[in-house]
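Here's a quick tour for anyone meeting this structure for the first time. Have a look at the model, then read on.

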Amino acid sequence: MKKLIALYKTPDDIDAFLSRYQGGHLPLVAKIPGLISADVTRIDRTLAGPEAAFLICEMRFADADFGPALKSPQMAAASADVELFAKDLVTVMTASALEL
């Protein structure tokens, strides 16, 4: 399983950010082909280490669907959208789930 993970720093206006994220951005994410699930987690507090994230979105894809999903027009639309409202707040990473 492959993941696309987006980490968001705390925005200046949390309510406006969450409204835009939930009402505008997540509907675009939901349209990405091959997306199995998208789990969004709001960080309550950091217990150890530097405060690094406010919100985390983990998007899961089957291995075979990941490359095409990254190259899809829907991913391009979601990426362009995040640049409009969270360009300086977001770090995006790819990951592989480990079988333990």
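Predicted model: local features only at pLDDT ≥ 70, side-chain atom pairs only at ≥ 80, totals over all residues.

A residue is called buried when its relative accessible area is under 20%, exposed when it is over 50%, and partly exposed in between, using a 1.4 Å probe and protein chains only. Residues are numbered from 1 along each chain as its sequence is written, and side-chain values use heavy atoms, with hydrogens and water left out.

**Overall layout**

- You'll find three helices and four strands here; these are DSSP runs numbered from the N terminus, with helices (H or I) of at least four residues and strands (E) of at least two.
- Starting at the N terminus, the order is β-α-β-β-α-α-β.
- The protein is as compact as a globular protein of its length, because its radius of gyration of 14 Å is close to the 13 Å that the globule rule gives for 100 residues. That radius is taken over C-alpha atoms, and the rule is 2.2 Å times the number of residues to the power 0.38.
- Along the principal axes, the C-alpha atoms fill a box of roughly 35 × 35 × 20 Å.
- Of the contacts (heavy atoms within 4.5 Å) with a separation of 6 or more, 76% are between residues 24 or more positions apart.

**Isoleucine 36**

- Isoleucine 36 sits in strand β2, which covers residues 35-42.
- Its C-alpha atom is 5.4 Å from that of arginine 60, 24 residues apart along the chain.
- Not counting residues up to four places away in sequence, isoleucine 36 touches Met1, Arg60, Phe61 and Ala62.

**Aspartate 81**

- Aspartate 81 belongs to helix α3 (residues 73-86), and its 9% relative accessibility makes it buried.
- Its side chain makes a polar contact of 2.3 Å with the side chain of arginine 20. Such a contact is a pair of N or O atoms within 3.5 Å; within protein, one must be able to donate a hydrogen and the other to accept it, and residues adjacent in sequence count only if both atoms are side-chain atoms.
- Setting aside residues up to four places away in sequence, aspartate 81 also touches residues including Gly24, His25 and Leu28.

**Serine 72**

- Serine 72 is in the loop between α2 (63-70) and α3, and at 6% relative accessibility it counts as buried.
- The serine 72 side chain reaches the backbone oxygen of alanine 69 at 2.8 Å.
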